[in-house]
Amino acid sequence: SSGINAEYGESDSDGGGIDFGERHEAVIGGIELIEAAPSVERIHINYAKKAKKIDIKMLKGAMWNNLSKKNDTVKSDDVEIDKKTFSQTYKKLPNGLSESVAENLSVPIAFSCLLHLANEHGLALLDSKDLSDIHISLS
């Protein structure tokens, strides 16, 4: 064992590990190794630690009811979806949901439901000039 440790620059009395000296380089088996790259600091990311349970059917229903409300100024049987934005829709959503679903609601979940509704009902999702919101209209 002491022959192997001596080959790698270790002594049996130093408690293990490789002695890289001042240059932080080592030669092992004729190959010159360099110092490892510095590691990145650990960044705390706030994420959900518990899975959320949401009734997606209820959420999509509430979102569709909000989006498909008839415009007060138009006297027609057609469903109007004019001048709606995702942020307006998201703010109104908790009113039409049960307490547990409203409590677990998040922007990514609501956006996912909006994408489903856009696919099912042919909604057009358009960006705003400053990319701060999404405009929703019937395509």
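Predicted model: local features only at pLDDT ≥ 70, side-chain atom pairs only at ≥ 80, totals over all residues.
**View 1. A closer look at L97.** Setting aside neighbours within four places in sequence, its contacts are M58, L59, A62, A102 and L105.

**View 2. Helix α5 from end to end.** Running over residues 107–121, α5 has 15 residues. From its first C-alpha to its last it reaches 20 Å, close to the 21 Å expected at 1.5 Å a residue. Just after the helix comes G122, with a positive phi of about 70 degrees.

**View 3. The two sides of α5.** The buried residues of this helix are A110, C113, L114, L117 and A118. Looking down the axis of α5, you will find its buried residues within an arc of 145 degrees, so they line one face of the helix. On the face turned away from that buried side sit the exposed residues P108 and N119. And what do the buried residues of α5 pack against? Their partners are the helices α2 (56–67) and α3 (86–92), together with the strands β4 (123–127) and β5 (134–138).

**View 4. L131 in its loop.** Between β4 and β5 lies a loop, and L131 is found there. Is L131 buried or exposed? It counts as exposed because its relative accessibility is 64%, where the cut-off is over 50%. The backbone deserves a glance too: phi of L131 is near 60 degrees, a positive value in a residue other than glycine. For context, most residues other than glycine have a negative phi.

View 5. Averaged over the protein, pLDDT is 77, and 72% of the residues score at least 70. Confidence is highest in α5, at 94, and lowest in helix α1 (residues 2–7), at a mean of 48. Over residues 1–6 the pLDDT is below 50, and this stretch has three contacts beyond near neighbours in sequence. Residues 72–77 also stay under 50, and the model gives them three contacts beyond four places in sequence.

Notes:
Residues numbered from 1 in each chain as written. Heavy atoms only, no water. Helix = DSSP H or I, 4+ residues; strand = E, 2+ residues; numbered from the N terminus. Expected span 1.5 Å × (residues − 1). Buried < 20%, exposed > 50% of the residue type's maximum accessible area, 1.4 Å probe, protein only. Arc of directions from axis to C-beta. Contact = heavy atoms within 4.5 Å. pLDDT = per-residue confidence, 0-100.
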